[in-house]
Amino acid sequence: MGLVRDLPSSLQLLRQTRAISALAHRLMAAPDEAACIEEVTKLLAVMFGLKRVSFAMLTGTEHFLLKRVVIKQKELGESTKDDVNASFTSSGNATNATASGSFGSTFELEYLDSDYKRPLEGTAAGICAHTLKEHYTPQTEFSDFATHKVFYKQGLNTVLATPILVNGNKCAGCILLSMKEIDAFKKPDRVLIADIASLMGANLYAKRLKKASDDANKISREMLHSFVPEKVLEKIEGYWDAKSEKYKRRKGHLVFVS
């Protein structure tokens with residue numbers, strides 16, 4: 001990792017590290033996958049002054065869906081960026097700085113999701129998915145990827161693809177970042193982004209498990225209602241329906257007795 005040689009850089013790195021730690025709390029509190037993407041986008045936008053953050057979310061072993069977030073950002077001075085980073089870590093817990101205050105007032109997000117399944121082959125995201133490692137292109141002018149050549153024509157000289165890993169050994173997708181500057185993401189920056197991607201991967205997995213469980217329960221309930229008379233269900237719901245008042249009263253009684 002590159003060395004941080006001066007006090008201002010050390011303080012900035014400390015703020016960024018604390019901001020990432022606080023991000024973990026907000027990702028846990030996020031209700032779904034879309035909310036996780038929003039939280040990560042906001043933090044990356046402030047930390048690196050990005051205009052756009054993209055996510056290549058895998059739909060299998062050969063394709064991905066591209067989720068792009070355009071950041072309509074107001075002009076931020078360095079002091080404002082420091083204040084926003086600090087707002088992530090105030091009180092040392094999950095303060096909702098993203099929804100109000102200085103953070104929420106700095107920009108708006110526009111989502112450009114696509115249902116088109118793009119092939120992984122021949123892309124930086126594909127390399128990330130197969131190697132489970134970042135793919136860094138410090139100068140798109142000399143890249144062999146067709147998409148990078150398009151970025152270069154658009155004035156984007158640096159592209160970073162960071163894998164979103166689950167348990168360190170399974171790729172759920174990639175965070176795709178681009179900037180105008182050549183070699184814009186130094187080694188310490190890439191390490192921080194990898195930490196953000198790891199947090200995102202763990203929470204995406206948890207959200208997907210919960211959604212799958214909720215969907216399975218919904219289907220089970222619908223099937224049960226189609227086969228069992230309503231009056232019978234009302235009598236037995238206290239033994240299986242966790243949402244019913246009878247179940248809650250019975251559960252509370254069992255805990256009290258034990």
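User: What sits over the ring of Tyr 136?
Analyst: The charged end of Arg 190 does, 4.3 Å from the ring centre. Bear in mind that this is a predicted model.

User: OK, aromatics next. How many aromatic pairs does the structure hold?
Analyst: One. The two rings are those of Phe 48 and Phe 185. Their centres are 5.8 Å apart and their planes stand at 75°, so the pair is edge-to-face.

User: Why does that angle make it edge-to-face?
Analyst: Because planes over 60 degrees apart count as edge-to-face, and these two are at 75°.

User: Which parts does the pair tie together?
Analyst: Phe 48 is in helix H2, residues 33-48. Phe 185 is in the loop between strand E6 (170-179) and helix H7 (187-227). The pair therefore ties together parts that are 137 residues apart in sequence.

User: Is Phe 185 buried or exposed?
Analyst: Buried, at 0% relative accessibility. Phe 48 counts as buried too, at 12%.

User: You mentioned E6. How many of its residues are buried?
Analyst: Eight of its 10 residues, so E6 is mostly covered.

User: Which strands pair with it?
Analyst: E1 (residues 52-58) pairs with E6 in the antiparallel sense, over five bridges. E5 (residues 158-166) also runs antiparallel to E6, and nine bridges join those two.

User: Which residues face each other there?
Analyst: Ser 54 stands opposite Leu 176 in E6.

User: Switching to charges. How many salt bridges?
Analyst: The count comes to six. Among them is Glu 39 with Arg 26, at 3.1 Å from N to O. Glu 39 lies in H2 and Arg 26 in helix H1 (residues 7-29), so this pair ties together parts 13 residues apart in sequence.

User: Are those two buried or exposed?
Analyst: Glu 39 counts as buried at 12% relative accessibility. Arg 26 counts as buried at 5%.

User: Which salt bridge involves Lys 72?
Analyst: Lys 72 meets Glu 110, at 3.4 Å from N to O. Glu 110 is in strand E3 (residues 107-119) and Lys 72 in strand E2 (residues 63-73), so parts 38 residues apart in sequence are tied together. Glu 110 is partly exposed at 33%, and Lys 72 is partly exposed at 47%.

User: What does Lys 186 meet?
Analyst: Asp 183, in a salt bridge of 3.1 Å from N to O. Lys 186 is partly exposed, with a relative accessible area of 44%. Asp 183 is partly exposed at 27%.

Definitions and conventions:
Residues numbered from 1 in each chain as written. Predicted model: local features only at pLDDT ≥ 70, side-chain atom pairs only at ≥ 80, totals over all residues. Heavy atoms only, no water. Phe/Tyr/Trp six-rings, centres within 6.5 Å; stacked < 30°, edge-to-face > 60°. Helix = DSSP H or I, 4+ residues; strand = E, 2+ residues; numbered from the N terminus. Buried < 20%, exposed > 50% of the residue type's maximum accessible area, 1.4 Å probe, protein only. Lys NZ or Arg CZ within 6 Å of the ring centre and 35° of its normal. Pairing = 2+ DSSP bridges. Salt bridge = Lys/Arg side-chain N within 4 Å of Asp/Glu carboxyl O.
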